[in-house]
Amino acid sequence: MNNDKLIIGGHEFTSRFILGSGKYSLNLIEAAVKDAGAEIITLAVRRANTRDRENILDYIPNGVTLLPNTSGARNAEEAVRIARLAREIGCGNFIKIEIMRDSKYLLPDNNETVKATEMLANEGFVVMPYMYPDLYTARDLVNAGAAAVMPLAAPIGSNKGLATKDFLQILIDEIDLPIIIDAGIGKPSEACMAMEMGADAIMANTALATAGDLTKMATAFRLAIEAGRHAYLSGLGRVLTRGSSASDPLTGFLRD
Amino acid sequence: MENKFFVDSEYLSPQALAKKHLLENDPSSRLDHMKYMKGMEEINSDVCSKVIAAMDLYDYSKYTAKDVKAALDHEKCSVDDLKALLSPAAMPFLEEMAQKARLITSRHFGNTVYLFTPLYISNYCENYCVYCGFNCYNHINRMKLSQEQIESEMKVIADSGMEEILILTGESRSKSDIEYIGNACKLARKYFRMIGLEIYPVNTDEYRYLHECGADYVTVFQETYDRDKYETLHLLGHKRIWPYRFDAQERALMGGMRGVVFSALLGLSDFRKDALATALHLYYLQRKYPHAEMSLSCPRLRPIINNDKINSLDVHEKQLCQIICAYRIFLPFAGITVSSRESAEFRNGIVKIAATKISAGVSTGIGDHESKYKGKNSDKNQGDEQFEIDDSRSLDKMYVDISGEGLQPVLNDYIYL
C-alpha cells in the first residue's frame, strides 16, 4: 500500500481524503489533518483573510497542499481572476474550479468550467475542476488540460450520498485522470463505496463539519477510505457478473 | 392594539405642524402611493403580482396541527407548507421547527456566523414614515458626514477588525445624492472586503454606478407588504410609492449587484402575512435570477427618539423565532440576518438555529464610532440615532461569545469581481 500513491499534476499524495472548505471551522482543519490524514485542504479564496485575526493560512500545517477554489465565480473569466489572485497571495499552483450560476443548489456550470480549465491549464495551473458527472464534459476537461476530475455525488451539503452513482462509475471507467468524488458524501460508508468503485479520492466537508464528534468522524472517514481502497485494489470491487456462465463451453465447436 | 406614532415637536413651525396634521388626519391630502413619481423607473416585473396574490389569499386561521406536522415531515417545503409553518397552529411545534431549521442551516452553512457592522453616513430624510426616528418631522440632530469624516469613521471600524460594512443613509436625494454615496463606496473599498448598501431605492443605472463604485449588496426593507397599511404609515416623500420600493431588489440585480436582502419590519402590520410575502418575494426573484445571492432580514419595530412607546405589538420573541424557523425551512439556501434590535440572549440563541449573519459594534447614529469604539468623549457633532438598539456588543466581545457557543465567526466570505 505504501506504493499506492495518488498523483495529481505530477505531485504525489499518500492520503486519499481531501478536506473541503465551505463550512469549516479552524478546529475542523486540525481534525482533518490529524485524524483523517488529509494532505490536501481546499481554501475558498473569498474566505482567505488578510487580517491578523482568523487568517486561515496560519492554520494550515506545513506539508499540507493548499487547494484554493474559485467559489464566488459565476463564469470562466471570474474563475480565472480568482485563480490568479490565489497564486498572487501565495496559495501555489493548484486550483479547484468552482463555477456556479445558481445560488439555490450550487450546481457547477459544466460549460464554463471547461472554458476556465483550458485557460488556467494554459497558464500553468494544476487544474482540478468540480463538475456535474457528464461523460462528454469529463472528456472535454481531459482535453482542456485538467489534472483531475471532481464530479459531484449529490447536491452540495445534502449528505445524500452517491446519488449519481451510475454516472460516477462511467467516469471512473472511462476517464484516465484521477476521479475525486466531491460533494454530497454524508457518511463514511458512502466514501467507502465510492472508493470500492474505483474512485481515486474523496472530498468531504459537511459530513465532518456537522458531525457530533469531529475527531471520531475524521478517523471514521480515514478508515472507510482506506477500506474502500483496499477492496478496490484487491479486485473485489471490480467483479462484474453479467448473466451466468454456461456449463458447456459456447466455443466448443471451434476447430482451429 | 395599535402603536401611537404621531408625536408633535415644539420646534416645528405652525405651517409645518398644520401640514403634518393634515397628512395624518386627511387621507385625501396624501399622494396616491401606488402611482410612480416622475423619474422612477418602471420595470414591469411579474414578481409583485405573484407575491401579492399569495399574500391576499393567505388565511392562516385555516391551518391545523395536522398541516404543521405534515409540513415538518415533508422533505421539501412547499409554499403551502410555509403557510402552515407561519400560522398560529405552528406555535406548539416551535421546538420541532427549531430542530429542523438547525439541521438545514448546518447542512448549508455549517457552523459559521458572518459578522458585519452598519455605518450611517447621513440621517437627513425627506420622508414622513411615522415609526422612524429619522422622519422629517422628528426633532433630532441632523448630520451628514463629509468625505473626511466618512474615512475617519471607516478607519476606526476597520481597526476593530471588521471586514464587511453596510453603508446606510436616511432617504434624501438632495442631502445624500448618488455621487455622495458612490464616493463613500469608493472609500470603503480601501478599508473593507465587502460593501453593502441600505439607502433609498434607486433606478437600475444608479445601482449599476454604485456597483462599479464597489458595492455589491443591496438591502431594502419593504416595511410592510400590506399596501393599505403602508399608505397609512408612509405619509410623505418618495418612500410613499410602494411599488417602486417593491421592485428595488430586482433593479439592483439588473444593475449588476451580486446580492439582495429582503425584509418586512415586523410589528407594522399583520406579521404572518408580511413574513409570507417577504419569503415569497425572495423565492420568486431567486427563480428569475438564480445566480443572485439572497438574504432575509428579520427586524422588529423599536422605540425611537421622542417616542419611546413604539413596540413590536404581537411579535414577541416566540413569534420572531417561528418566522425565522419557517424562513429557514422554506429557503434553506438564504442568508438570515438578525439585527442589534434584538437582545444578546436572543441573538446567541438564534444563531444556533437559523440566523447566519449578525451585526456587531453597532451604532445607528452618525459620526459617533470614535467615541463609541474608543471611549473618547468627542466634542464633534454627532447625528441622532434611527432607533434604539438592544445588543451593543463590540466585535471582540461578539467574536468571543460566538466562538463560545461552538460556532465559527467569519469576517469575510466574499470577493469583489
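Predicted model: local features only at pLDDT ≥ 70, side-chain atom pairs only at ≥ 80, totals over all residues.

1. A:Ala183 belongs to the loop between strand E9 (180-182) and helix H6 (188-197) of chain A. The backbone deserves attention here: A:Ala183 has a positive phi of about 75°, although it is not a glycine.

2. B:Leu313, which is not a glycine either, has a positive phi near 55°. B:Leu313 is placed in the loop between E8 and helix H13 (317-330) of chain B. Is B:Leu313 buried or partly exposed? B:Leu313 counts as partly exposed, because it has 17 C-beta neighbours inside 10 Å.

3. On confidence, the model scores ipTM 0.76 and pTM 0.88. For chain B the average pLDDT is 92, and 99% of the residues score at least 70.

4. Chain A holds eight helices and 10 strands. Of its 256 residues, 50% count as buried. Among contacts in chain A between residues at least 6 apart in sequence, 61% join residues that are at least 24 apart.

5. Which strands pair with E4(A)? Strand E3 (residues 17-19) of chain A pairs with E4(A) in the parallel sense over two bridges, and A:Leu19 has A:Ile41 as its bridge partner in E4(A). Strand E5 (residues 65-69) of chain A also runs parallel to E4(A), and five bridges join these two strands. Within that pairing, A:Thr42 stands opposite A:Leu67 in E5(A).

6. Helix H4 (residues 135-144) of chain A has A:Thr137, A:Ala138, A:Asp140, A:Leu141 and A:Ala144 as buried residues. These lie on the same side of H4(A), because they cover an arc of only 160° around the axis. An α-helix has 3.6 residues a turn, so residues three or four places apart point the same way. The face of H4(A) turned away from the buried side carries the exposed residues A:Tyr136 and A:Asn143. The cover over the buried residues of H4(A) includes helix H3 (110-122), strand E7 (126-131) and helix H5 (165-174) of chain A. Just after H4(A), A:Gly145 takes a positive phi of about 100°.

7. The interior may be considered next. In soluble globular proteins, nonpolar side chains tend to be buried together. The largest nonpolar core in this model has 214 residues. The residues with the most contacts inside this core are A:Ala32, A:Ala194, A:Ile202, A:Phe221, B:Ile167, B:Ile324 and B:Ala326. For A:Phe221, leaving aside neighbours within four places in sequence, the contacts are A:Phe17, A:Ala36, A:Pro188, A:Ala191, A:Ala204 and A:Leu208.

8. In chain B, B:Phe134 lies in the loop between strand E2 (128-129) and helix H6 (147-159). B:Phe134 counts as buried because it has 28 C-beta neighbours inside 10 Å. Not counting residues up to four places away in sequence, B:Phe134 touches B:Asn123, B:Cys125, B:Gly170 and B:Gln386. The C-alpha atoms of B:Phe134 and B:Ser359 are 20 Å apart in space, and these residues are 225 apart in sequence.

9. Finally, the contact between the chains: 23 residues of chain B are in contact with 26 residues of chain A. On the side of chain B that touches chain A, helix H5 (94-109) and strand E8 (293-297) of chain B each supply at least two residues. H5(B) gives the largest share of that side, four residues. The residues of this side of chain B divide into nine nonpolar, 10 polar and four charged.

Methods: Residues numbered from 1 in each chain as written. Chains lettered and ligands numbered in written order. Pairing = 2+ DSSP bridges. Buried ≥ 20, exposed ≤ 12 C-beta atoms within 10 Å, placed from the backbone. Contact = placed C-beta atoms within 7 Å. Arc of directions from axis to C-beta. Nonpolar A, V, L, I, M, F, W, Y, C, P; charged D, E, K, R; others polar. Core = buried A, V, L, I, M, F, W, Y, C linked by C-beta atoms within 7 Å. pLDDT = per-residue confidence, 0-100.
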